[in-house]
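Reader: Please show the model, and then I will ask about it.

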Amino acid sequence: MGLEQFAVHLLPISLWAYAVSAMASFALTRFPRMASLAGFSGAWIGALAGCWASFTFLSRGTSPAFTLLPAATPLVRFSIQLDPLAAFFTLVVSLLGLAISIYSYGYVTQYYGVKNVGSLVGFFNLLLLATTLIFCADNAVFLLIAWELMALFAFVLVVFEHEHPEARRAGMLYFVMSHIGVGCLILGFLLLFQVNGSFRFEDLHNIGAQLSLSRRTAAFFLFFVGFGIKAGVIPLHIWLPAAHPVAPTNVSALMSGVLIKTGIYGMVRVFFDFLTPPPVSLGLLILAAGSMCALLGVLYALVEHDLKRLLAFHSIENIGIILMGLGASLMFISFHQPALAALALVAGLYHTLNHACFKGLLFLGAGAVLHATGTRNMEALGGLIRRLPWTAFFFLLGAVAISGLPPLNGFVSEWLTYQALLQGFGATQVAVRLIFPIGGALLALTGALAAACFVKAVGITFLSLPRSPHAERAHEAPRSMLFGMATLGLACVALGLFPMAFLPFLDPVTQELLQQEISPQLIAGNGWMLTSLSVERGAISTPGMAALFLALLPLPLALWLVFARRGRHRVDETWDCGLDRLTSQMEYTATAYSKPLRMIFQAIYRPRRRIQADFAVSRYFTKSIHFESHIEPTFEQLIYRPVNRAILRFSRSVRRVQTGSLSAYLFYIFVTLLILLLWERTR
Amino acid sequence: MTLFQVLLQMVLALVLAPLINGLIRKGKALLQNRRGPGLLQPYYDLLKLWRKGTVVSRHASWIFRVTPYISFLTALMVSLMIPMITTAVPLSFFGGVIAVIYLLALGRFFVALAALDTASAFGGMGSSREMTVAAIAEPAMMLSIFSVAITAGSTNLSQVVKSTLQHQEQFLNPGHILAFAAMFIVLIAETGRIPVDNPATHLELTMIHEAMLLEYSGHYLALIEWAVALKQLVLMTLLVNIFFPVGVGSGFTAASLATGLIAFLAKLLLLALAVVLVETSNAKLRLFRVPELLSVAFILALLALASPFIF
C-alpha cells in the first residue's frame, strides 16, 4: 500500500483510535496508571493521524469519504466527508489534541487514587471524537447528534470535580445554555430543510436565495444565537467563564482552544456556504458583535484574578477578533469584493488556528501552575519563574502571542485583520464603511488592553516574590507536561515566523467558499514577506524582523564590551524606602494593577466596594479592616435574571392547571381533541 | 548600497534621538528663565550611565536583564523602518505602520514586565499606569494613522509619504489637520510629557514611566533611556513625515539627502518647540483626567475619518 492510499485511511484511523482508547480507558478504570497510558496514547495517535489526514487533504485534495455506521433512517446518515473547511478545523482540533494528550500524562497523576482517572481519560477521548465528528459530518442531523454528544461529554468533564459546588453550578449553567443553543440550531436546520427536503450538505449549498426574506432573517438569527452560544459571543457567553475554569486543565485547554471554535465552524459553514449571498446587515451585525465581544471580553479579563477565568475571558476576546474577520468578509461578499473577502476570511481562520495554539499553551501553563501550587488565585502566587522556569518561559511565549506582539502568530493574524478592515474603507462609498476603521480602532484598544492584562498575568504570577507558602514550595512540572507546552510554543513561533508556508493550506478553503485563491497574492519577496494583496498596500516580514533583531544585537553587546564590562556589577536588595526588608505584602497586587482601568471603565464594570473597620478607643486606632470589592455581572443582572424570573413566574401560573386529579386531566385531553378536530375541520 | 542606506539611517537615529531631549530641555529652561544644561547634556548622561556599574535586585529574574536589550533593539528596528530624510527606506518592507506600533508595544510589554520583576511597589505602580495610558492612547493613534493610510491606500510608510507628497493640497484638508491634532495628543501621551506624565520628576504619586525604571542602573538604564529617546524620535518622525512630508527626498543622492536632512531637522525643531510650549504652559493632569484628554484625541481622529461625509 502506497503512502497515497494510506492517507485516505488516516481519518478513520484517527476516529477509531479515539473510540477504542476511550473504551480501553473505561475498561481500565480500576488501574488509573494503565488507563492514562492507554487512553492518552490512543488520543495522541488519533490526533497525529487527524493532523496528517487534514494536512494531506489540504495540500493534495484527496478526499476521504465513508460511512461510519449503517444508516438508521433515510434522513440520518452517519456519513463522513472531508471538505477543505472541515479539514482545516480538523487540523485545529488534532493539533491541539496532540499537544494536550501528551501534556495530560503528567497532569492526571494528581488524580491517581483520588478521582476516577479512567472516566476522565475516556471522556476526554470521546470529547475529541465528538468534536472531530462535528467537523467531518456531511449532513445536518449527524452534525446535530455529534454536537449534542460533544455538549454531553464536555458537561461530564466540567463537573468532573463535582465535590466543588462551583463546578456543579457551572456544569448546570453550561448544560442549560448549550441546550438553548441546540434548540436554535434544530429550528435553523429545519428552516433550511424545507427548501429541498434534505439535510445533506451537498443539497444545502447556496440555498439562501431560495428562502423568503423573513425565513432567511429568522435562520440568520437562529444560527447566530445557536452557534454564538457555543462560541461564547457576548451576551451569550455567561456559561464560558464559569465552565472553562472549573474543568480539569487539560479539558479547559481543549474547550477554550477547540470547542468554542465549533461555533465559528458552524457560522462559516452556514453563513458562507449555505445562506449565501449574505445581506450587508449580516456582516455588519457580526463585525459589530465581534468588536464588542473583543473589547468586553478583554475588559472582563482585566479585572479577573483567577488565572483560568482570566484566560476564559480572553477566549471571548479572541472569538470577537475572529468574528471581526468573518463579519468583514461577509460584508465584502455583499460589496462584491471577492479578493478582500478572501483576505478577511483568511485573517479570521488564521486567527482561529493561532488562538487554538496560544490559548492552549496558556491554559496548559496555568494548569502547570495549578498542579504546582494548588491554587488559581493570582494574588497567592508570585516568584514562580525561579521555581518553574520552563513553564514561565512557555507562558510568557503564549502571553506575547496572545497580545498580538511581533514576531509571534497572534501578530500575524491581527495584522491581516487590520489590513482587511483598512481596505474595507475603500471598498464602498456608503457611510457604513466607517465601521471598518472604528472596528480597527477597537481592535487596537483590545490589543493594548490584552497586553496590559498579560503583563499583569505574567508579572503577578511568575515574577517578584511569592505571596503564599504554596507558591514558595512550588515545583517544576513533569516532563510530559513541558513537552506538551513546548509543542504548542513551537507552533506559535512557527506560525508567527512562517505564515507564508502555512497560508497556501488555506487556499482550498477560500477556493471552496469564495472561489478565490489568494495565497499567491499574499506572499511576496521569495516567500519571506506577507502582503495584504499587494506589496504596495502593505507588507510585513516576521522573519525579517527576527533577523534584523539578531543582526542589531551585536551593537549593544559591543557597547557593553567597550564601556560597561569593567564596571562594578552587584546583586543587592530592591530599594525598600529604608525599611528593614521587602516583603511580599508590599508588592503590587493583581487588583491594584487593574485599578486604573477599573476606574476608567467604571461605566462598564460598575465597581462596588465595602469597607468595614473596627476601631479601638478612637477612629485612629483600627483593630481590623474588612475590605470587599466587586464588579457587577452586568449581563446576568440585566438580561438573564429578568428572563429567569419571568420564566419562573410563568411556570408558577401554569402550575395552577396541574391539579393532580385524573378527571381534570381527562377533561383537558378531551378539550384538546375537540379543538384539534375543529381546527382541522375549518382548515 | 542597501547596507549603506540602513547604516546611515541607523547612525542618524542613534545620534539624533538624545539631541531632541536636549533641545526640549533647553527650550523649557529658557522659557522658565533658567539657563539650563547644554544641548549635549543627554549625550554626557548616556556616556556616564554606560560607564557606571550596575545594581540588580536579588529578586529579579532573567527578564529584568533581557528587557533593556529588547527595549533598545525594538526601538532601533522601528527607527530603521520609517522614512526620515528619504522615502528610499529598504527596511520599510519589513513592516508598515502597524508593525511599527506593535514593535514599540513589544518593547513596552517587556519594560512593564521588568518593572514587576523586582518586587518593588513603585515598579508595579508605574507598570500599571504605563499600560493603562498606552491602552487608551492606542485607538486614537491607530485611527489617526488609519485616516492617512486610507488616503494613501497603503500601510507602507514610504508609500504613505510618497502619496502625501504627491497631493500637497491635502495639507489643508480638514481631515488631515484633525488627524494631525489627534496624533499630536497621542505623541504627548506616548512620550510621557506633561500634561500626561512628567519626565523630570521622581515623586511616587505622579510618576508613570520613571517609576518603572527605578530599579535600573548603569548600562541597563542607558539602553532604556536611549530606547525611550529613539521611540520619541520615531513618533515625532511619524508625525512630521506622514502628515507634512515636505522636503523628504525620494532618491538616494547626496543632494536629495542634504535637503531631506535640513527639512527633517527644521520640522523636528518646530515640533520640539510645540512640545516645549505645551509642557511649559500646562500643569500635569491627574491620572484619571488623562482618559478625557485621550478621548478628545480619539474623537478628533474619528472626525478626521468622517470628514468626507461632513465637509
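Reader: Which residue of β1(B) does Asp572(A) stand opposite?

Author: This is a predicted model, in which local features need pLDDT of at least 70, side-chain atom pairs count only at pLDDT 80 or more, and totals for chains, interfaces and linings use all residues. Residues are numbered from 1 along each chain as its sequence is written, and chains are lettered from A and ligands numbered from 1 in the order in which they are written. Strand β6 (residues 569-572) of chain A and strand β1 (residues 54-57) of chain B pair in the parallel sense over four bridges; strands are DSSP runs of E, at least two residues, numbered from the N terminus, and two of them pair if DSSP finds at least two bridges between them. In β1(B), the residue opposite Asp572(A) is Ser57(B).

Reader: Which helix gives the largest share of the side of chain A that touches chain B?

Author: The contact takes 70 residues from each of chain A and chain B, where contact means C-beta atoms, placed from the backbone, within 7 Å. Helices are DSSP runs of H or I, at least four residues. The largest share, 13 residues, comes from residues 435-462 of chain A, helix α18.

Key: Contact = placed C-beta atoms within 7 Å.
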